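Work through the two exercises below with the structure open beside you, and try each task before you read its solution.

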Amino acid sequence: LRTVRRVGPKTLDYLSILCGSSEHVAVDVHVLGFVRDAGVDVATYQQCGAVVSAAARMRGCSPGALDAAIWQHGSGRGR
């Protein structure tokens, strides 16, 4: 799929999530903003995803679960 125009890492991660993976993080504005608000300096999509994955493991949950919680918080749906 990476050879398809406009299909990047976020699209592939999101498709993996939709297919049932709990190991992927689809870094969007909510996730990136949350990580940066926490004081973590990330420069790339991959770095941000790695930070969320590491934080999830430290908290004893899957990266996908933390991604979903961050997204709900950032979108206002978790309130």
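The exercises that follow concern a predicted model, and each solution goes step by step.

**Exercise 1.** Determine how helix H2 is oriented relative to helix H3, and describe which classes of residue form their contact.

*Solution.* Two packed helices are described by the angle between their axes and the distance between the axes. Begin, then, with these two values: the axes of H2 (residues 29-37) and H3 (residues 45-59) come within 10 Å, and they cross at roughly 70°. Since angles of 65 to 115 degrees count as roughly perpendicular, H2 is roughly perpendicular to H3. Next, look at the residues that meet, which are Val31, Leu32 and Val35 on the side of H2, and Cys48, Val51 and Val52 on the side of H3. Finally, sort them by class: the contact of H2 with H3 has six nonpolar residues, and no polar or charged ones.

**Exercise 2.** Find the buried residues of H3, and work out how they are placed around the axis of the helix.

*Solution.* Then ask what covers the buried residues of H3, and you will find that the cover includes H2 and helix H4 (63-75). To complete the picture, turn to the other side of H3, where Gln46 and Met58 are exposed.

How values were computed
Residues are numbered from 1 along each chain as its sequence is written. This is a predicted model: local features need pLDDT of at least 70, side-chain atom pairs count only at pLDDT 80 or more; totals for chains, interfaces and linings use all residues. Side-chain values use heavy atoms; hydrogens and water are left out. Axes are lines fitted to C-alpha atoms, for helices over the stretch in contact, and angles run from 0 to 180 degrees between N-to-C directions. Helices (H or I, at least four residues) and strands (E, at least two) are DSSP runs, numbered from the N terminus. Angles under 35 degrees count as roughly parallel, over 145 as roughly antiparallel, 65 to 115 as roughly perpendicular and the rest as oblique. Contact means heavy atoms within 4.5 Å. Ala, Val, Leu, Ile, Met, Phe, Trp, Tyr, Cys and Pro count as nonpolar, Asp, Glu, Lys and Arg as charged, and the others, Gly among them, as polar. Buried means under 20% relative accessible area, exposed over 50%, partly exposed in between (1.4 Å probe, protein chains only). The arc is that of the directions from the helix axis to the C-beta atoms.
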